[in-house]
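Colleague: Can you take me through the side-chain packing in this one? I have the file open.
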Amino acid sequence: ETCARLEHPLCQALVRMDGEYGHVPWFTACRERKLPFITRLNRPKLYEDVEVLELLRTATWYKVPNSGPEPRRAAADLGILTVHPGNRTRRPDGSKYEPVAVRVVASVFPKTGDAKRGKTLDGWQVELFAVDLPAEAWPAAEAIAAYFGRTAEENRFGQEDRELGLDRIISSPLPGQELATLVGLSLGNLRL
């Protein structure tokens, strides 16, 4: 709806979603709407999968363009993997979701101790992402940079919340949320 209002083609949009959306129902929802997406892959068992571990060990890694000081990440394309829905995952009408074949991209950086996201393997924090973009147009490193580019926007919203007390829902419909955000941005600019 937002793209339609802005007269922006869906094929030129990119939905960047956190791991909360990294499973089959969200992949399906995006694909049914022809929306390209990138999201952290929410499948912990993949970090124990022999095939995935071999792909990680034999992958060609590329430095991710820097979007901040740390951590310095590398990324690799693991190819197309089939992600199955959970046993109890159902559509609203009760029918099953079909498995989804998605391109999987891995991100790594040196890590000691437990990973907050993903898993620490052999001294590296490994995170897996479902990337619904062609590898030729979006190589692994650029896809990961696009995903983590969302943090700048989230940090800005967090700053507004802290400084202006905007962390409460003012309006549930999108136009009301947009108005509240514009008021917050305007107030922030005036204070600067």
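Colleague: What does the side chain of Arg40 make a polar contact with?
Modeller: The side chain of Tyr147, at 3.3 Å. Bear in mind that this is a predicted model.
Colleague: Is Arg40 buried or exposed?
Modeller: Arg40 counts as buried, because its relative accessibility is 10% and the cut-off for buried is under 20%. Arg40 lies in strand β2, residues 37–40. Leaving out residues up to four places away in sequence, Arg40 touches Asp18, Glu127, Phe129, Tyr147 and Phe148, among others.
Colleague: Which aromatic cluster do Phe129 and Tyr147 belong to?
Modeller: One formed by Phe129, Tyr147 and Phe148. Phe129 and Phe148 pair edge-to-face, 5.9 Å centre to centre with 75 degrees between the planes. That pair links distant parts of the chain, with Phe129 in strand β7 and Phe148 in helix α4, 19 residues apart. Tyr147 and Phe148 are also edge-to-face, at 4.9 Å and 90 degrees.
Colleague: What sits over the ring of Phe148?
Modeller: The charged end of Arg73, 3.8 Å from the ring centre.
Colleague: Switching topic: how many residues are in the largest nonpolar core?
Modeller: It has 28 residues, and those with the most contacts inside it include Phe27, Leu56 and Leu128. Strand β5 gives the most to this core, with 5 residues.
Colleague: And what is Leu56 in contact with, leaving aside its neighbours within four places in sequence?
Modeller: Trp61, Leu78, Ala106, Leu121, Val126 and Leu128.

Methods: Residues are numbered from 1 along each chain as its sequence is written. This is a predicted model: local features need pLDDT of at least 70, side-chain atom pairs count only at pLDDT 80 or more; totals for chains, interfaces and linings use all residues. Side-chain values use heavy atoms; hydrogens and water are left out. A nonpolar core is a set of buried Ala, Val, Leu, Ile, Met, Phe, Trp, Tyr and Cys residues joined through side-chain atoms within 4.5 Å. Buried means under 20% relative accessible area, exposed over 50%, partly exposed in between (1.4 Å probe, protein chains only). Helices (H or I, at least four residues) and strands (E, at least two) are DSSP runs, numbered from the N terminus. Contact means heavy atoms within 4.5 Å. A polar contact is a pair of N or O atoms within 3.5 Å; within protein, one must be able to donate a hydrogen and the other to accept it, and residues adjacent in sequence count only if both atoms are side-chain atoms. Rings of Phe, Tyr and Trp (its six-membered ring) pair if their centres lie within 6.5 Å; planes under 30 degrees apart count as stacked, over 60 as edge-to-face and the rest as tilted. A charge sits over a ring if NZ of Lys or CZ of Arg is within 6 Å of the ring centre and within 35 degrees of the ring normal.
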